[in-house]
Structure formats: structure tokens, C-alpha cells
Amino acid sequence: MCAKAGNIPPLAQRPLPGLIFRQAVQAYRREDYESSLAMVREGLDLIEGEMSPDESVVLLPDPDSARVCDAVVLWAQNLFQLDRYNDFQVLMASAARWQMVPENLAADLPELDLVGLAFAFKRGEYLDVVNETTAFIDSHREVLPPVLADFLLLRGHCLSNLGEPGRAVEDAELAYSLFRLLGKELECARSANLHGMLLVRSSDFPGADRWFRRAYDLHRKLGMRKNMGGNRLNLGIVNYKRGALAKAEIEFQAAVNLLTEVDAQVPLCRTAIARGCNLRLQRDFEGARRVLNQAYKQAIEMNLAREEALALEFLGDVYRDEGKLEQARRFYSRALAIGSSFAPDGDIVMEVMCRQGQCLSLLGRHSEGISVLGRALLLARRLNDHHEESMVRRALASALYATGDLIQAGQHIDRSVQMFEKVGANFELAHARMLQANIRLARIDGGFVEDIGEMLEDAWQGLLKTIDPFIKSGVDHWVVAARTILTDISRRRSQWEKLQRDGWNKEISTNAKMLSQVPPIIHVSARMRDLIQLSDAFADSEEPVLITGATGTGKELFARRLHEQSRRRSGKLVCVNVTAIPESMLEREFFGHVQGSFTGADRDGIGLAAQAEGGTLFLDEIGELPLKQQPALLRLLQDGTYHAIGDPQERRVDMRLVAATNADLEKMVAEGKFRADLYYRLKILGLKLPAIKERSEDVLPLLRHFLSDAAGRPVDPTELFNLDSLDMMQNYAWPGNVREIGMVARQARVQMASTGQVCVEVGRLDDESLFFTGPQKSAIITNDRSKVPEGISRSRIMLALSEAKGNRAETARKLGVSRSTLYRHLVKMGVATKVTAG
């Protein structure tokens with residue numbers, strides 16, 4: 001019933017035919033809005049037929065009977081349910097012209113004003129609605145009209161969408177209490193539904209489930225199928241957030257059936273959006289795209305801004321999960337623009353920022369991605385949305401993991417796991433546990449863990465808990481992914497237990513000390529991770545291993561890892577650079593000699609092969625081994641025998657050979673520069689290491705490692721380089737590979753310490769000089785040839801000098817220039833052309 005008050009025009013106070021109005025109300029509650037509308041019109045027609053043209057005064061009806069104004073309100077409510085805003089505007093104009101409604105709606109007929117505000121809510125005009133409802137609530141606190149509860153409920157909905165869950169909960173609780181006092185079951189159900197929505201936002205899924213079921217039971221009692229459909233939709237959302245994807249699909253289908261019966265297009269659009277998200281989680285990308293595209297078109301047709309933004313957001317998710325990141329970002333940008341227009345600090349903006357940050361990181365723009373994710377985290381925390389905060393923290397952990405910042409990555413993923421556990425989001429929790437395991441394994445590989453056994457056990461136990469949620473989700477893809485990581489952890493645990501049984505730690509107090517003897521292979525790329533796993537698989541074999549790759553790609557690191565992971569770890573790892581030994585001395589250095597075998601041999605000499613007894617012999621630059629020494633090496637490989645110079649007695653050695661080269665041995669075999677039989681004996685097990693330009697995601701982790709190593713403390717690359725430079729680093733070719741990154745880190749540290757600025761020249765980009773600069777400047781590309789003498793950059797020269805250990809002749813050879821050309825460059829650079837003693 002509308003308000004019974006003094007300023008309502010006489011016509012609006014006329015009584016209605018009671019039977020017709022009761023039937024109209026019953027039809028409304030059955031959600032038969034067309035029939036209800038027809039009955040309202042019939043009742044009003046009867047009133048109009050009883051009036052005389054000049055009638056101006058009527059007796060007031062019984063205060064409990066329905067009046068014309070009640071019919072007008074019910075008419076408006078039917079139009080709202082039927083989404084006929086244009087008809088609503090016509091009704092308002094006509095009612096005012098017929099003097100059926102007062103001029104001041106908010107003061108004298110607030111029920112009708114409420115319908116207008118509800119239409120504004122549908123259009124996404126949340127802030128305007130909050131202002132209007134607040135003005136009414138504040139002006140009626142003392143009299144407490146029954147319609148106040150409806151204003152509270154509507155404001156609660158708006159505040160929820162504006163990202164103010166605390167105030168929304170207060171309004172929902174107060175509205176529910178008032179409706180119960182008034183005995184309004186329908187309104188109790190509406191406020192219970194809002195309560196459930198707010199609990200979803202705060203990730204209290206069990207509580208949300210209870211409130212939605214309470215609302216559903218009330219709506220079922222009232223026979224309101226449209227509202228029952230809305231409740232089933234919300235129960236589906238709760239289920240997919242908890243990871244029960246199959247149950248969610250059942251709820252969504254039930255919602256569709258109920259809503260289709262009453263042709264409820266708006267909630268059907270919302271159901272399609274939620275179902276599209278659920279299909280994506282099940283990796284049915286085509287099905288998700290089809291459903292979401294249809295929902296997007298419906299949202300546009302019905303002018304539903306929030307639903308339009310959600311459809312775009314979830315379409316972006318489909319493309320992101322398919323690896324189509326740029327397409328995903330376009331969808332996210334459109335969703336962000338729409339979401340920002342009606343709720344700049346709301347949940348949609350926060351969710352889309354999280355997704356944009358993920359995409360930027362996956363595209364290699366890690367610094368930008370982490371910055372965006374940081375803003376999303378602040379917004380999620382302000383919204384008190386624990387589920388979304390967990391999602392953002394997981395995304396942050398992944399982005400930090402990609403940059404090699406394993407400490408912060410570990411902190412964020414641990415917090416994400418804790419929060420997902422608390423809210424019961426088991427499916428997303430399983431994803432977080434997979435990332436947590438990968439980060440822990442990376443910390444082990446990087447040498448950042450003291451208790452390896454404990455870390456492996458934690459990773460194992462965490463991964464075991466992912467299998468059940470993934471199986472229940474019905475998505476085989478994730479079951480296989482989790483089992484793959486479990487297999488890797490199982491293998492590592494077996495290796496670790498074997499190391500413990502073999503007494504690996506007998507003379508060393510902690511695992512960390514042993515780890516510190518072998519420099520870590522810094523990486524986050526899947527390609528390097530696969531190579532490390534392959535290397536570990538080769539470790540226990542007795543066959544030789546041939547490691548190929550350009551200079552500076554980490555061949556010696558892999559050789560050391562092969563040795564330390566093998567059964568020969570207690571023996572020596574003897575490292576030899578073939579090019580460092582004069583050809584005339586190779587045989588003597590390799591196999592040793594006996595006293596008197598040549599002039600000056602006043603005692604026996606132990607060769608490198610004998611030194612490697614029980615261990616591993618690593619021959620770097622094997623391609624430089626002269627042809628005449630190759631048969632002896634082949635014999636050593638095949639039979640384990642050799643002859644020391646001057647000793648006719650055959651000697652035997654138990655060792656394993658690991659060789660490395662940056663040369664194309666297959667081409668050398670074709671050219672007759674390397675023996676085919678030796679080549680095929682060496683290549684039984686092979687590791688081909690990629691250049692840095694083929695694994696650009698490892699650039700920033702390596703830079704972080706070298707900066708921290710030089711400083712003796714953790715150093716973030718942003719302390720010394722601006723974001724432009726860091727992004728450009730990932731596009732630079734790095735001809736010197738890992739060594740060049742190390743040189744850039746050392747130069748940057750020295751420059752910052754001495755001048756307070758950083759400007760490191762690294763080479764050429766598009767035939768122009770490239771400089772990586774400090775935070776206060778931008779990266780520089782210049783064609784100023786004075787900075788780059790005759791096409792060779794300062795960094796290339798310094799890198800070659802470093803690799804040649806200061807030997808100027810070797811440096812010139814590496815650069816492919818004459819010694820005089822090198823000296824001329826050194827003079828221009830202010831570097832000494834000779835190394836002086838002392």
C-alpha cells in the first residue's frame with residue numbers, strides 16, 4: 001500500500017475494486033506481469049468510468065483498502081519487471097496529467113519514486129541512486145515509514161556494486177529486520193538474496209549458500225519462479241567459486257529453466273555470463289565464447305552496463321587462457337572503461353586490473369604487470385574481497401616468479417594459499433598450490449634453500465592436495481598438470497634420499513654449504529627448466545655428455561650440475577679448457593708422464609685423466625682439440641685406458657667425460673676437422689643450451705642475481721634501472737649471453753657507487769647504440785658514432801677482455817679484429833693496451 005497522507009490528490013485516493021486489485025497483486029507475485037498489468041488497467045478504467053468531468057472532491061475510502069495510487073505503483077512495478085522503461089516514463093507523464101500522483105513524488109508517493117530509482121540502478125547509475133535513497137532515508141529516520149526498508153535494500157545493492165561492502169551489509173541487515181517485523185516475506189527474500197551476494201564478495205561461501213537457500217525457500221513458498229531462478233543462479237556462482245564446477249552447471253541449468261518459463265531476460269543474461277565463466281574454468285573455450293558473446297549482445301540490447309562489462313571481462317579470460325594475450329587485453333580495456341564509468345573503485349575495475357597485470361607479465365612486460373597488480377591488490381583489500389585478494393596475490397606471485405624474485409613470490413603465494421584455504425575456494429586453491437610448488441622447486445634449483453628435504457616435503461604435501469579438487473572439477477588438463485609436477489617432485493625426493501643414504505653431508509654441516517659450492521642455474525623459463533630436468537636424468541648415466549651452446553650460455557654450470565647430481569659427486573670434477581693448453585703439451589697434460597720421458601721430467605707427472613679418477617673430466621671447447629690427439633681421447637672414452645708419456649704400460653682410469661663446445665661439430669666432421677667416430681661417441685647424450693635471446697624471460701632474474709651478488713644483499717633491478725631499460729633488456733639480443741648480463745650488472749653497480757648515475761652501453765639495436773640507464777633517465781638509442789668506435793661497442797670490448805682474462809691477443813681474436821685495431825679502440829676508451837705487473 002502506498003502512503004496515506006495529506007498531499008495526495010483526491011483522484012489518487014479513490015478506492016479500487018478490491019477483487020481486481022487482489023487478483024493483480026497475486027498475478028504479480030506469480031510473476032505473471034502481463035496479466036497483472038492488464039488487471040491494473042481494468043481497475044483504473046472502472047474508476048475513470050465512474051468519474052464526472054468536474055468532480056473535484058471525493059470521500060476518503062477505508063484506510064485499509066486499495067486506492068488509485070496503489071494501482072499506479074503496481075503498474076510501475078510491473079513495467080520494471082518487464083524492463084519497459086519507456087512505458088514507465090509515459091505512465092509517469094500520464095499519471096501527473098490525470099492528477100493521479102502528487103507533484104513531489106519522494107515526499108508523498110515514495111513507492112513510485114522507488115521504481116524510478118530501481119530503473120536507474122539497472123542502468124548502472126549507482127552513485128545517483130545512492131544519493132537519492134540516502135536523502136530519503138535521512139529525512140525519514142524519525143517516522144520510519146514501511147517503504148524505508150525498500151530504500152535501504154536498494155541502497156545496499158548500489159553500495160555493493162560501488163565497492164562498499166561494509167555499508168552494504170549494514171543496509172541489508174537493517175532491511176531484512178524491518179521486513180521481518182512488517183511480515184513481508186517477498187521483501188525478506190530479496191534482502192536475504194542481497195545478504196548472500198555480499199557474503200560472496202567477502203568470500204564467506206558457506207554463509208552465502210545459507211542465505212541464498214533461505215531466499216530460494218521464501219520465493220518458492222510465494223511461487224515466484226523468476227526470483228527462484230535468480231537464487232539458483234547465485235547458488236551456481238557460489239559453487240564455481242568453491243570449485244564445484246559440475247554442481248555449478250546443474251544450478252545454472254536449473255536457473256535457465258526457471259527464468260525461461262517467465263521470459264526473464266535480464267537474469268537470463270546474468271546466468272549466461274556466469275555459465276560462460278564456468279565453461280571456461282572447465283576449459284570448454286568454444287562453448288564459453290559462444291555463451292558469453294550472446295550474453296554480451298543481450299546486455300547491450302537491454303542497456304545493462306554492469307553485465308556488458310562482465311561479459312567482456314570473461315571473454316578476455318577465454319582468450320587469455322588460450323594464450324591470445326593481445327586479444328584478451330583488448331577485451332579487458334573495454335571492460336575497464338565501462339566498469340570505471342559507473343564504479344571507478346568497484347569490483348569489476350579491481351578484477352580487470354588483475355587480469356591486465358597478468359597479461360602484461362605473460363607478455364614479458366613484468367615491471368608494468370607488477371605495478372598494475374599492486375594497484376589491484378590495494379583495491380581488493382579495500383573492498384574486503386578475500387577471494388579476489390587471493391587471486392591477485394597468486395597473479396603477483398606468478399609475475400614475481402617470472403622476474404626471479406623468488407622471495408616475494410613465495411610470500412605472496414603462501415598468503416594466497418592461506419586465504420583460499422580459509423574461504424574454501426578449493427579449485428583456485430589447487431591452482432595456487434601448483435604455483436607454490438613450482439616456486440619452491442625454483443628456490444631449490446637456485447640454491448636459496450637451506451633445508452632441501454623439508455622444502456621438497458612441503459611441495460609434495462601441497463601438490464597431493466590438488467589432485468582431488470581437480471578430479472572433482474572434471475577437468476583432466478589440470479589433473480595431468482598436477483601429476484606432472486608430482487612426478488618431478490617424486491624424482492627429486494628419491495634423489496635427495498639417496499644423497500642422504502650415500503652420506504653426502506658427512507663432512508658438511510648444512511645442505512646450504514654444499515649447494516654454495518655449485519653456482520645456481522638462474523632461470524624461470526620453461527625451456528631451461530626442461531633442460532635442467534634432462535640434465536638430472538643424464539646424471540646417473542656413465543655415458544659421456546656433449547653440451548653445446550654459444551659462449552656465455554652456462555655450459556660449465558651444467559657440467560658441474562651433472563657431476564654433483566651423479567654417483568661420482570664424491571670424486572673430483574676436473575675442468576679443462578682445451579684452448580688454454582698449447583698443442584704441444586696437450587698429450588702430456590691429459591695423460592701425464594713418467595720421470596725422464598723428456599728433458600726436464602725430473603719426476604712423474606699426473607695427467608688430468610688420472611686426476612679425475614672416480615669423478616668427472618670436463619673438457620670445454622672440445623672442438624678445438626687437434627685431430628692428432630683425438631684418437632687417444634676416443635680410446636679413453638671407449639676402453640677407459642691410456643698411456644702416459646714415456647710409459648709403455650697401459651693405464652686404466654674410472655671417470656666420466658663431459659664435453660662442451662660452441663662450434664658446429666657436425667659441420668667440422670663434414671669438413672674433416674673433427675673425427676666422426678669421436679663425435680658420435682660424444683653425442684650419445686646431448687644438451688643444447690639456448691642463447692639468452694631465446695629465453696628472454698630469464699633476463700631480469702639473471703640481472704637481479706648478478707646485482708645482488710655484486711652488492712652482497714638482495715637488489716631489485718629497479719634500484720639501478722628505469723622501466724624503459726628493463727623492458728628493452730628483454731628485447732635486446734645479448735650476444736654475450738649470461739656473461740654480458742653479469743657485466744652490465746657490475747658496471748651499473750660501479751657507476752651508481754661512483755657517480756650516483758647509471759648509463760651502461762651494451763651494443764647495437766637497429767644499427768644504433770643502446771644504453772641502459774638509471775631510474776631518473778630513459779633508455780637511450782643513439783647513432784652518435786663517437787660513442788661506438790668503428791661498429792664495436794665498449795661493452796663488447798670489455799666483455800671480450802673479461803672472457804680472455806685480459807689477454808689482448810685473445811680479445812682481438814674473439815672480436816674478429818686485428819690487434820692494432822683493438823689497441824686503437826682501447827686508447828680511445830682510456831683502457832691500457834698492456835697489462836702491467838704489480
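Analyst: The model is predicted. Start with helix 11, residues 205-222, and helix 12, residues 225-242. Their axes lie 9 Å apart. The packing angle is about 165°. Angles over 145 degrees count as roughly antiparallel, so helix 11 and helix 12 are roughly antiparallel to each other. Helix 11 crosses helix 12 with left-handed sense.

Now the residues of that contact. Helix 11 contributes Phe205, Pro206, Ala208, Asp209, Phe212, Arg213, Ala215, Tyr216, His219 and Arg220. Helix 12 answers with Asn227, Met228, Asn231, Arg232, Asn234, Leu235, Val238, Lys241 and Arg242. By class, the contact of helix 11 with helix 12 holds nine nonpolar, four polar and six charged residues.

Next, helix 16 and helix 17. Helix 16 covers residues 305-321 and helix 17 covers residues 325-342. Their axes are 8 Å apart, and the angle is about 160°. That makes helix 16 roughly antiparallel to helix 17. The crossing of this pair is left-handed.

The contact can be listed from each side. From helix 16 come Ala305, Arg306, Glu308, Ala309, Leu312, Glu313, Leu315, Gly316, Asp317, Tyr319 and Arg320. From helix 17 come Leu325, Gln327, Ala328, Phe331, Tyr332, Arg334, Ala335, Ile338, Gly339 and Phe342. The contact of helix 16 with helix 17 divides into 12 nonpolar, three polar and six charged residues.

Helix 26 passes helix 27 in a right-handed crossing. Met528, Leu531, Ile532, Ser535, Asp536 and Phe538 of helix 26 make the contact with Phe558, Arg561 and Leu562 of helix 27. Six nonpolar residues, one polar and two charged make up the contact of helix 26 with helix 27.

One more point concerns empty space. Rolling a probe the size of a water molecule over the atoms shows where such space is left. Across the whole structure, the search finds three cavities of 30 Å³ or more. The largest cavity holds about 60 Å³ of space. Its lining is Ser160, Gly163, Pro165, Leu198, Arg201, Asp347, Leu383 and Asp385. By class, the lining of the largest cavity has three nonpolar, two polar and three charged residues.

Definitions and conventions:
Residues are numbered from 1 along each chain as its sequence is written. This is a predicted model: local features need pLDDT of at least 70, side-chain atom pairs count only at pLDDT 80 or more; totals for chains, interfaces and linings use all residues. Side-chain values use heavy atoms; hydrogens and water are left out. Axes are lines fitted to C-alpha atoms, for helices over the stretch in contact, and angles run from 0 to 180 degrees between N-to-C directions. Helices (H or I, at least four residues) and strands (E, at least two) are DSSP runs, numbered from the N terminus. Angles under 35 degrees count as roughly parallel, over 145 as roughly antiparallel, 65 to 115 as roughly perpendicular and the rest as oblique. A crossing is left-handed if the near helix is turned anticlockwise from the far one by less than a right angle, and right-handed if clockwise. Contact means heavy atoms within 4.5 Å. Ala, Val, Leu, Ile, Met, Phe, Trp, Tyr, Cys and Pro count as nonpolar, Asp, Glu, Lys and Arg as charged, and the others, Gly among them, as polar. On a 1 Å grid over the protein atoms alone, a cavity is a set of points where a 1.4 Å probe fits but cannot get out, and a pocket is an open set with protein on both sides within 12 Å along at least five of seven lines; lining residues have an atom within 4 Å of a point. Grid points are joined across faces, edges and corners, and a volume is the space filled by probe spheres set on the points.
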